[in-house]
Amino acid sequence: MSKISQRPGAAATAMLGLGIYRPERVVTNAEICEVLDSSDEWIQSRTGIQRRRFAREDETVIDMGVAAAEDALKAAGITADQIGAVIVASTTQGQHTPHAAPMLADRLGSRAASFDVSAGCAGFCHALSVASDLVRGGSAEYALVVGVEKVSDFLDPTDRSTAMIFADGAGAVVVGPADEPGIGPVAWGSDGSQSQVIRQEPRCRQVEHDQQPVIAMEGQAVFRWAPFKMADVAREAVASAGLELADLDAFVPHQANMRITDTLVRNLKLPEGIPVARDIADTGNTSAASVPLAIERMVRDGEAKPGDTALLIAFGAGLSYAGQVVTLPPVAGL
Ligand code: COA
């Protein structure tokens with residue numbers, strides 16, 4: 001039997017830079033309610049969302065992802081040709097073939113290995129873990145992770161459980177070697193017995209001459225699951241990083257619904273004074289883009305800074321979830 005060599009990888013990894021993209025068009029609750037049978041007051045009190053952003057009709061998942069990725073590369077101080085793997089977390093690029101990552105890599109000028117991760121709203125934290133393991137395993141020196149969604153293409157604007165919740169945007173990070181570990185062990189898993197809770201439905205939305213399936217959700221089922229199960233996942237992520245909740249400088253949960261965040265924080269018994277990301281008020285639920293967008297908001301608002309220790313937790317369709325403790329990276333433009 002021949003002896004196969006394996007590559008050595010980095011002893012430790014970290015996020016080296018973060019970039020984001022928020023579409024220009026701000027959509028108020030009042031605008032949503034021009035079509036949806038709801039009200040600004042109801043939406044704010046049940047979801048915490050005041051406004052969100054929708055991409056332009058001609059703006060694609062690739063366009064938004066490229067904008068975020070270019071800024072992530074700048075913040076990390078590396079060039080596209082140094083990237084050894086590009087991972088795109090998205091469920092709204094509109095087609096299974098071709099997948100998004102090679103097109104996104106091409107726009108950056110990269111010929112790196114490129115693949116998509118489909119794990120609903122938990123996609124970014126899954127891809128971050130995969131990227132860290134690729135770098136630690138020696139398969140790439142640097143990996144680019146992009147969480148990007150254009151959920152507005154898949155919304156039925158008359159559906160009271162989804163139309164006011166979801167939105168568009170992108171966030172990207174460069175993962176690479178580091179002197180000290182900056183990405184803790186992932187706590188992750190799934191519960192496929194609840195796969196129907198968030199799903200695509202053939203009930204179609206007319207788009208120009210074409211039709212697109214829409215996202216449907218059993219909101220109460222998500223509510224019964226997320227704030228309870230994610231408290232256990234959060235505790236597991238913190239413990240496996242060798243830390244305690246009190247060691248955290250910030251908590252960045254997936255921006256699903258403000259009430260889910262509030263309930264999760266209570267269940268977790270997060271120590272007072274640890275800032276919690278609440279980007280959802282202005283941004284809505286951007287699925288796989290929500291965690292990096294929320295990090296950027298916290299750094300921009302001075303609630304957290306690069307170098308801080310933060311707990312990330314993402315969850316959603318699948319049902320799938322993933323979380324890890326990280327050191328916050330430099331953020332482009334801040
Ligand atoms: N606008 C106005 N009224 C609405 C409404 C809307 N969009 N949706 C439901 N209602 C009404 C219902 O008709 C019902 O009225 P009734 O009491 O007169 O019968 C009442 O509000 C309660 O309905 P319910 O379905 O229990 O609402 P809810 O409090 O569960 O809120 C969601 C609905 C979708 C906002 C909520 O379940 C939710 O946010 N779940 C989590 C979803 C989520 O975060 N998903 C992201 C996963 S990644």
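Predicted model: local features only at pLDDT ≥ 70, side-chain atom pairs only at ≥ 80, totals over all residues.
Student: Okay! How many bridges hold β8 and β13 together?

Tutor: Four bridges, and β8 and β13 (residues 320-327) pair in the antiparallel sense. Strands of a sheet pair through backbone hydrogen bonds, either parallel or antiparallel.

Student: And what order do the strands of that open sheet come in?

Tutor: The order is β8-β13-β12-β11, four strands with mixed pairing. β8 (187-190) and β11 (250-253) are the edge strands, each pairing on one side only. From one strand to the next, the twist averages 10°. Axes here are lines fitted to C-alpha atoms, for helices over the stretch in contact, and angles run from 0 to 180 degrees between N-to-C directions.

Student: Which strands does helix α5 touch?

Tutor: Helix α5 (residues 123-136) packs on the sheet and touches β8, β12 (309-316) and β13, with its direction at about 60° to that of β13. Contact means heavy atoms within 4.5 Å. Helix α7 (residues 258-268) lies across β11 and β12, running at about 130° to β11.

Student: Switching topic: is strand β7 mostly covered or uncovered?

Tutor: Mostly covered: in β7 (residues 168-177), nine of the ten residues are buried. Buried means under 20% relative accessible area, exposed over 50%, and partly exposed in between (1.4 Å probe, protein chains only).

Student: What does β7 pair with, then?

Tutor: Strand β1 (residues 13-21) runs antiparallel to β7, joined by eight bridges. There, valine 173 is the bridge partner of leucine 18. Strand β6 (residues 142-150) is also antiparallel to β7, with eight bridges, and glutamate 149 stands opposite glycine 169.

Student: Now helices. At what angle do α3 and α4 cross?

Tutor: Roughly 50°, with the axes of α3 (residues 61-76) and α4 (residues 100-108) coming within 10 Å. The two are therefore oblique to each other. For the cut-offs, angles under 35 degrees count as roughly parallel, over 145 as roughly antiparallel, 65 to 115 as roughly perpendicular and the rest as oblique.

Student: Which residues of α3 meet α4?

Tutor: Ile62, Asp63, Gly65, Val66, Ala69 and Glu70 do, and on the α4 side they meet Ala100, Met103, Leu104, Arg107 and Leu108.

Student: Where is proline 98?

Tutor: Proline 98 sits in the loop between β4 (83-89) and α4, and the peptide bond to it from threonine 97 is cis, with omega near -5°. Another cis bond joins glycine 318 and leucine 319, where omega is about -15°.

Student: Last one: is lysine 269 buried or exposed?

Tutor: Lysine 269 counts as exposed, at 66% relative accessibility. Its phi is positive, about 55°, although lysine 269 is not a glycine. Serine 287 also has a positive phi of about 55°, but serine 287 is buried, with a relative accessible area of 6%.

Technical notes: Residues numbered from 1 in each chain as written. Heavy atoms only, no water. Pairing = 2+ DSSP bridges.
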